[in-house]
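Hi there,

Here is the structure I promised to pass on to you. Have a look at it first, and then read my notes below.

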Amino acid sequence: MTQTVRGVISRTKGQPVEVVDIVIPDPGPGEVVVDIQACGVCHTDLHYREGGINDEFPFLLGHEAAGIVESVGEGVTNVEPGDFVVLNWRAVCGQCRACKRGRPHLCFDTHNAAQKMTLTDGTELTPALGIGAFADKTLVHEGQCTKVDPAADPAAAGLLGCGVMAGLGAAINTGAVNRDDTVAVIGCGGVGDAAIAGARLVGARRIIAVDMDDRKLNWAREFGATHTINAKELDAVETIQDLTDGFGADVVIDAVGRPETWKQAFYSRDLAGTVVLVGVPTPDMTLEMPLIDFFSRGGSLKSSWYGDCLPERDFPTLISLYLQGRFPLDKFVSERIGLDQIEDAFSKMHAGEALRSVVVL
């Protein structure tokens, strides 16, 4: 038996999204149908719409979501109907070479639902990041469901599904920010502010926010930045060094993902410091630097996918901290919108007018 529900699709490259009827199959072995309560509007969804991920149109967009498990397929054991879950796109396999070496956060064979959701004419949909949650309901693999405390606001909890976890994890998991560290974050949108909030959570002594937009720098202060730099007015590298006794920061996080910001991050770190790239570059971007500069510095140069998180480990802990008032997850929710307002949300996101627009269903 199937269900017909509303969903938001991108039918062709660069065209506005559409609200249409989609067909959800009953869950098969290892699969779960989730009744979506909220889903954040993420840059990745816009990348899908613009053809920046692949060309497997039509896409069922949305992936940063929370909801209630409606039904489960054969063999599902980790969730049951009625559970409140945050969806994730890292359902680790447990069998690949990364998992077997104790590095499941680098899993090379993450699980998705085997069955396809479709349009009413039978056209198969490609769910964004294997989730497709701009819909009343979606079909996912059981490993993509992480059970968390149902006391959490779904609009806030769902943001752990991508952007907030990416930024916070870049600081805590990838960058290993620790008590008394100095941290600089370049780019103060949702991901950058999540990195700032993560650095504050673990007790960083000094947190320096860098952006070219005073509105975003104000947001950064709200999440814990102790110093801010408007890169239009000041040289970011020199100012970060001035604020760190001439040494540079212990950890510098590039939440923009452009060659010029990565170079700023590289030259802003202490000699044995760490650079973390969490902003996503486009395939055409290249980097040219003197090789001697790499040789003459120690430390680490890292990239961070999904904040190197393990959802089953990280999501429940962060929700607990949020409910205790120790992690301001709800501050990332700029507005609550309907399915028919996603194009407007893309415009606000592109203009830097919102941290996160969240579709509430």
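Let me start where the two domains meet: across the interface of domain 1 and domain 2 there are 0 salt bridges, a salt bridge being a side-chain nitrogen of Lys or Arg within 4 Å of a carboxyl oxygen of Asp or Glu. The side of domain 1 that touches domain 2 has 5 nonpolar residues, 1 polar and 2 charged (nonpolar covers Ala, Val, Leu, Ile, Met, Phe, Trp, Tyr, Cys and Pro; charged covers Asp, Glu, Lys and Arg; polar covers the others, Gly among them).

Please keep in mind that this is a predicted model, where local features need pLDDT of at least 70 and side-chain atom pairs count only at pLDDT 80 or more, while totals for chains, interfaces and linings use all residues. Residues are numbered from 1 along each chain as its sequence is written, and side-chain values use heavy atoms, leaving out hydrogens and water.

Domain 1 spans 3-161 + 328-360 and domain 2 spans 167-304, with bounds from an automatic or database domain assignment. Their centres, taken over C-alpha atoms, lie 29 Å apart. Between them, the two domains bury about 790 Å², 70% of it on carbon and sulfur atoms; buried area is the accessible area (1.4 Å probe) that two parts lose on being put together, summed over both. On the domain 1 side, F332, G352 and L355 lose the most area to domain 2, together 57% of what that side buries.

Now for the cysteines. The whole structure has 0 disulfides, meaning pairs of cysteine sulfur atoms within 2.5 Å. For C39, the nearest cysteine sulfur is that of C42, 9.0 Å away. The sulfur of C99 is 3.7 Å from the one in C96, too far for a bond.

Enjoy exploring!
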